[in-house]
Amino acid sequence: MPKRVIGWCVAATAAIALVLGMTTPASASITAEVWNTDGDRLVVRAEPTPDSAEITRLTEGTSVTLDCQTEGTEVNGTKLWDYLPEYDGYVTDAYIYTGHDGRHPDLGECEGDASAMVEGFDNSNNNPGTMDFDAIAQDFGFGIFKATESTDFVDVEFKERFQAAQGKIITGAYHFFDPRTDGVAQAEHNLAVLDDAGYDVSADDTLPIMVDVEPNYVEEDTGFCFDTDAATMNTRLSDYIAHIVEVTGEKPIVYTNGEMINDCGLDTAPLVDHPLAVPAWYEHGEEDPQAAAQALGWDTWTIWQYRASIDLPGGDGVAALADRFHGDEQALAELAQG
């Protein structure tokens, strides 16, 4: 079975903690605010305790929606915890201003078993080495591997890794979109490589294709936006996506960032009904995937790329980028099933 693993545990100072996991909506919702943290951030955690694993953080003054309340570990004189549906998690009521002391009259009791987001990763030929998927499957529920780029590049690691992962974890594949070349040609190249590897988008354990839409960070002789104007880029991306949908019947997951919008003119309006994979890395201080998603134009996110580099278990020290799926194992399986 794929595992839900939240990486590492961080003890809270002053017991400031958010908690992911217990997922029953209540009969009403209210809007409240993060407060009284003395400038610290509330830490998203995997269980209703300050000692559980960190997920993300919220700054003081952040507006949040609460769906229900329940009891957890006592923090600063209260055992009450509030459920935040947009983060699928709980925060101690000690640091949430609701306008009421103790339970809020409009909020019901949270019920249900604890659940957690599913840990995953993505990597490419930039992360060489042999991967032990029996070991990886103990800690991760999904992996996304680079397959193609533009109209001719094939990742040398893709086929072997994808096939080795089959039956061990839910698998995904991504195409690096190049705005300099025809969108349909890119889609055809992408699909041909996936077909050769046996990648069936309609399979129950295979994710929709992911399209990676980001600026040029690598080619020194090419501009940041690949020397392509915004109108051409948007048209070619639309053509790529339309062809993928026509052939597979599934909308691609879109991976992108603010630089593509602000610097390169990416139009996300036609994309916001696609699942979003959003980079918000701890190392760069961007720790809130919900805020990142909304800044890009989405209501919420599906996959959060939260760390720039981790070492995968087993194998010979292969590195990857760390991902989390916004939901439990059942929700991940439903996305894979299409």
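Start by selecting Glu33, Asp38, Asp40 and Glu60: together they form a negative surface patch. Patches here are built from residues with over 30% relative accessible area and no salt bridge, with like charges joined within 9 Å and nonpolar side chains (Val, Leu, Ile, Met, Phe, Trp, Tyr) within 5 Å. Asp and Glu count as negative, Lys and Arg as positive, while His and the chain ends are not counted. A charge is placed at NZ of Lys, CZ of Arg, CG of Asp or CD of Glu.

Before moving on, a word on what you're looking at. This is a predicted model, where local features need pLDDT of at least 70 and side-chain atom pairs count only at pLDDT 80 or more, though totals for chains, interfaces and linings use all residues. Residues are numbered from 1 along each chain as its sequence is written, and side-chain values use heavy atoms, leaving out hydrogens and water.

Now zoom in on Asp40, in the loop between β2 (30–34) and β3 (42–45). Helices (H or I, at least four residues) and strands (E, at least two) are DSSP runs numbered from the N terminus. Asp40 has a relative accessible area of 35%, so it is partly exposed; buried means under 20%, exposed over 50%, and partly exposed in between (1.4 Å probe, protein chains only).

Next, pick Tyr217, Val218 and Phe224, a nonpolar surface patch with about 320 Å² of accessible area together (Shrake-Rupley method, 1.4 Å probe, only the protein chains shown counting as cover for residues). Tyr217 sits in the loop between β15 (210–213) and α4 and is partly exposed at 46%.

On to the salt bridges: how many does the structure hold? There are 8, each being a side-chain nitrogen of Lys or Arg within 4 Å of a carboxyl oxygen of Asp or Glu.

- Select Lys146 and Glu149: their closest N and O atoms are 2.7 Å apart. Lys146 is buried, with 8% relative accessibility.
- Go to Glu157 and Arg161, with closest N and O atoms 3.7 Å apart. Both of these residues are buried.
- Then show Lys251 and Asp273, paired at 2.7 Å between the closest N and O atoms. Lys251 lies in the loop between α4 (230–248) and β16 (253–256) and Asp273 in the loop between α5 (258–262) and β17 (276–279), so this pair ties together parts 22 residues apart in sequence. Lys251 is partly exposed at 38%, and Asp273 is partly exposed at 47%.
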